[in-house]
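I opened this chain to look up its ring contacts, its sheet and a few side chains, and I kept the notes in the order in which I checked them.

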Amino acid sequence: MGAKESFTVKGEHLIQKIKELIEEGNVRRITITEKSGKELMSFPLTIGIVGAMLAPVLAAAGALAALIGECNITVDREE
């Protein structure tokens, strides 16, 4: 069973935080929710996801970041 961790970030910092989490390498899934708890976006990360495969996810997160003020990121990590 993986560990969960949550962060609250402002929309303009969303992409940077996602990139940092991906670079850590032990993240299985990232879920982005509104402050109210409504899920906005969720995506799995598999070993070896890089560059071109990650671009659509970051583009969608960037569009989302432009629309929201603050959100929560929940990370499922490998043990």
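**Aromatic rings.** I began with aromatic pairs, and in this predicted model the count came to zero. What I did find at a ring was a charge: Lys-17 lies over the face of Phe-7, at 4.0 Å from the ring centre.

**Phe-7 and its strand.** I then followed Phe-7 into the sheet, where its bridge partner in β4 is Ile-73. Strand β1 and strand β4, the latter covering residues 70-77, pair in the antiparallel sense over eight bridges.

**The sheet as a whole.** Tracing the remaining strands, I noted an open sheet of four in the order β1-β4-β2-β3, with antiparallel pairing. The edges are β1 (3-10) and β3 (39-44), each of which pairs on one side only. On average, neighbouring strands here are turned by 15° against each other, with direction ignored.

**The helix across it.** I looked next at helix α1, residues 14-24, which lies across β1, β2 (27-34), β3 and β4 and runs at about 10° to β4.

**Thr-33.** Leaving out residues up to four places away in sequence, I listed its contacts as Lys-38, Glu-39, Leu-40, Cys-71 and Asn-72.

**The whole chain.** Stepping back, I recorded two helices and four strands, which follow the pattern β-α-β-β-α-β along the sequence. Of the 79 residues, 38% count as buried. Among contacts with a separation of 6 or more, 68% are between residues 24 or more positions apart.

**Overall dimensions.** How does the radius of gyration of the chain stand against that of a compact globule with 79 residues, and what is its value? I noted 12 Å for the chain, which agrees with the expectation for such a globule, because that value would be near 12 Å. Along its principal axes, the C-alpha trace spans about 30 × 30 × 15 Å.

How values were computed:
Residues numbered from 1 in each chain as written. Predicted model: local features only at pLDDT ≥ 70, side-chain atom pairs only at ≥ 80, totals over all residues. Heavy atoms only, no water. Pairing = 2+ DSSP bridges. Axes fitted to C-alpha atoms, helices over the stretch in contact; angles between N-to-C directions. Contact = heavy atoms within 4.5 Å. Phe/Tyr/Trp six-rings, centres within 6.5 Å; stacked < 30°, edge-to-face > 60°. Lys NZ or Arg CZ within 6 Å of the ring centre and 35° of its normal. Rg over C-alpha atoms; globule rule 2.2 N^0.38 Å. Buried < 20%, exposed > 50% of the residue type's maximum accessible area, 1.4 Å probe, protein only.
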